Amino acid sequence: MTGYHNLVIEPLSSTHSRPNFQCGVESLDNYLKKQAKQDVKRRISRVFIATTPESPSTVAGYYTLSTLSIELNQLPAEVARKLPRHPIPAALIGRLAVSEQAQGFGVGKMLLMDAIKRTLGISDEIAIYAMVVDAIDERAEHFYQQFGFSSLSSENRRLFLPLKSF
Ligand SMILES: CC(C)(COP(=O)(O)OP(=O)(O)OC[C@H]1O[C@@H](n2cnc3c(N)ncnc32)[C@H](O)[C@@H]1OP(=O)(O)O)[C@@H](O)C(=O)NCCC(=O)NCCS
């Protein structure tokens with residue numbers, strides 16, 4: 001039995017086997033296979049991979065991290081009211097996925113916690129107001145809501161969580 005309690009989460013490297021990754025959402029599989037390496041090389045995104053010590057090349061899950069600025073009018077009015085009239089700096093988890101074999105064992109939750117921890121770590125040096133995620137569908141939206149994320153707007157599935165909550 002493979003355990004996911006001692007997950008290793010590290011930057012994408014050539015030791016990770018990308019072709020076999022399957023999470024149930026084709027666009028997320030394809031991103032890892034075809035785009036992730038390029039994005040890292042061009043400094044468009046950072047990609048973090050979860051593996052286990054027993055199977056260090058098998059990708060149990062991944063997420064991407066980059067920055068974005070949120071226009072004030074995209075934030076809920078009660079949040080925007082307390083902020084200066086400028087775009088607000090944020091960190092974006094653009095994609096997050098767990099392989100079908102590894103789903104339901106807490107890997108998604110650990111990836112999300114890792115992304116928040118890394119962001120908090122750098123936010124002492126580069127100001128970041130909130131964590132933002134783009135949920136791929138309604139189920140994914142529920143996944144993030146249970147960790148305290150709330151919707152940015154009704155038009156898309158973008159959610160946010162102010163870092164001051166930590
Ligand atoms: C959604 C996804 C990331 C969840 O990862 P996971 O490792 O299976 O989830 P975890 O085991 O960490 O579950 C953490 C919590 O989320 C809940 N959860 C898991 N999948 C969920 C889903 N699809 N919708 C709502 N809640 C979900 C679990 O019940 C668990 O709650 P608990 O701690 O109270 O028991 C994963 O199923 C996945 O990759 N799905 C396909 C791609 C996708 O939808 N990505 C979404 C981001 S764009």
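Helix H1 (residues 26–41) lies across strands E2 (46–51), E3 and E4, running at about 130° to E2. Here, axes are lines fitted to C-alpha atoms, for helices over the stretch in contact, and angles run from 0 to 180 degrees between N-to-C directions. Contact means C-beta atoms, placed from the backbone, within 7 Å. This is a predicted model: local features need pLDDT of at least 70, side-chain atom pairs count only at pLDDT 80 or more, and totals for chains, interfaces and linings use all residues. Residues are numbered from 1 along each chain as its sequence is written.

**Overall build**
- The protein chain has four helices and seven strands. Both are DSSP runs numbered from the N terminus: helices are H or I with at least four residues, strands E with at least two.
- From the N terminus on, the order is β-α-β-β-α-β-α-β-α-β-β.
- The radius of gyration is 16 Å, close to the 15 Å that the globule rule gives for 166 residues, so the protein chain is as compact as a globular protein of that length. The radius is taken over C-alpha atoms; the rule is 2.2 Å times the number of residues to the power 0.38.

**The sheet**
- Seven strands form an open sheet with mixed pairing, in the order E1-E2-E3-E4-E5-E7-E6. Two strands pair if DSSP finds at least two bridges between them.
- Strands E1 (8–11) and E6 (150–151) are the edges, and each pairs on one side only.
- E3 (residues 61–70) and E4 run antiparallel, joined by nine bridges. Thr-67 has Ala-91 in E4 as its bridge partner.
- E4 and E5 run parallel, joined by four bridges. Ala-91 has Met-131 in E5 as its bridge partner.

**Burial**
- Of the 166 residues of the protein chain, 31% count as buried. Buried means 20 or more other C-beta atoms within 10 Å of a residue's own, with C-beta atoms placed from the backbone.
- Strand E5 (residues 130–134) has four of its five residues buried, so it is largely enclosed by the rest of the structure.

**Ligand shell**
- The ligand is surrounded by 22 residues; the closest are Gln-103, Gly-108, Lys-109, Ile-136 and Ala-140. A residue is near a molecule if its C-beta atom, placed from the backbone, lies within 6 Å of it.
- Strand E4 (88–98), helix H3 (107–122) and helix H4 (138–145) each supply at least two residues of this shell.
- By class, the shell has 12 nonpolar, seven polar and three charged residues. Ala, Val, Leu, Ile, Met, Phe, Trp, Tyr, Cys and Pro count as nonpolar, Asp, Glu, Lys and Arg as charged, and the others, Gly among them, as polar.

Key
Contact = placed C-beta atoms within 7 Å. Buried ≥ 20, exposed ≤ 12 C-beta atoms within 10 Å, placed from the backbone.
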